[in-house]
Amino acid sequence: MSNTFTIRFERYGGFAGMTVDKIIDSLQLEKKERELVWQMIDGSGFFSLPAEKKGKPQPDKFIYKITIQTAGKKHKVECSQTSIPDSLKELIRYLVEKSRLRK
């Protein structure tokens, strides 16, 4: 796989109002993990998703903002916890878990 990418994952809101801002550079991932993440990006149709899909505002729910840059393409998707497109759920689960690991 020759795709390299950078992901900026932001999560804000929620009950405690904690903010997460994590950068993931594919060149810092092991090959197998890089390929897995790319499959999640590609499988979600990320670059075709609308830039914003917030749904109804609800107290104590998270807002997710994902910006991915690769091979001359850059796209940002922002959605609320209640309006996550099904195709993006696996990638968001991965990003949430990754943001809990070392900075």
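Guide: In this predicted model, five strands form an open sheet with mixed pairing, in the order 2-1-4-5-3. Strand 2 and strand 3 (52-53) are the edge strands, and each of them pairs on one side only. Helix 1, residues 31-44, packs on this sheet and touches strand 1 and strand 4. The direction of helix 1 makes about 65 degrees with that of strand 1.

Next come the pairings within the sheet. Strand 1 (residues 5-13) and strand 2 run antiparallel and are joined by six bridges. Across this pairing, K22 in strand 2 stands opposite F9. Strand 4, residues 62-70, pairs with strand 5, residues 73-80, also in the antiparallel sense, over eight bridges. There, H75 in strand 5 is the bridge partner of I68.

Strand 2 (residues 20-25) also shows how side chains are placed. In a regular strand, side chains alternate between the two faces of the sheet.

Helix 2 (residues 89-100) lies across strand 1, strand 2, strand 4 and strand 5. Helix 2 runs at about 100 degrees to strand 2.

As for the chain as a whole, its pattern along the sequence is β-β-α-β-β-β-α, with two helices and five strands. Of its 103 residues, 41% are buried. Among contacts with a separation of 6 or more, 62% are between residues 24 or more positions apart.

Technical notes: Residues are numbered from 1 along each chain as its sequence is written. This is a predicted model: local features need pLDDT of at least 70, side-chain atom pairs count only at pLDDT 80 or more; totals for chains, interfaces and linings use all residues. Side-chain values use heavy atoms; hydrogens and water are left out. Helices (H or I, at least four residues) and strands (E, at least two) are DSSP runs, numbered from the N terminus. Buried means under 20% relative accessible area, exposed over 50%, partly exposed in between (1.4 Å probe, protein chains only). Contact means heavy atoms within 4.5 Å. Two strands pair if DSSP finds at least two bridges between them. Axes are lines fitted to C-alpha atoms, for helices over the stretch in contact, and angles run from 0 to 180 degrees between N-to-C directions.
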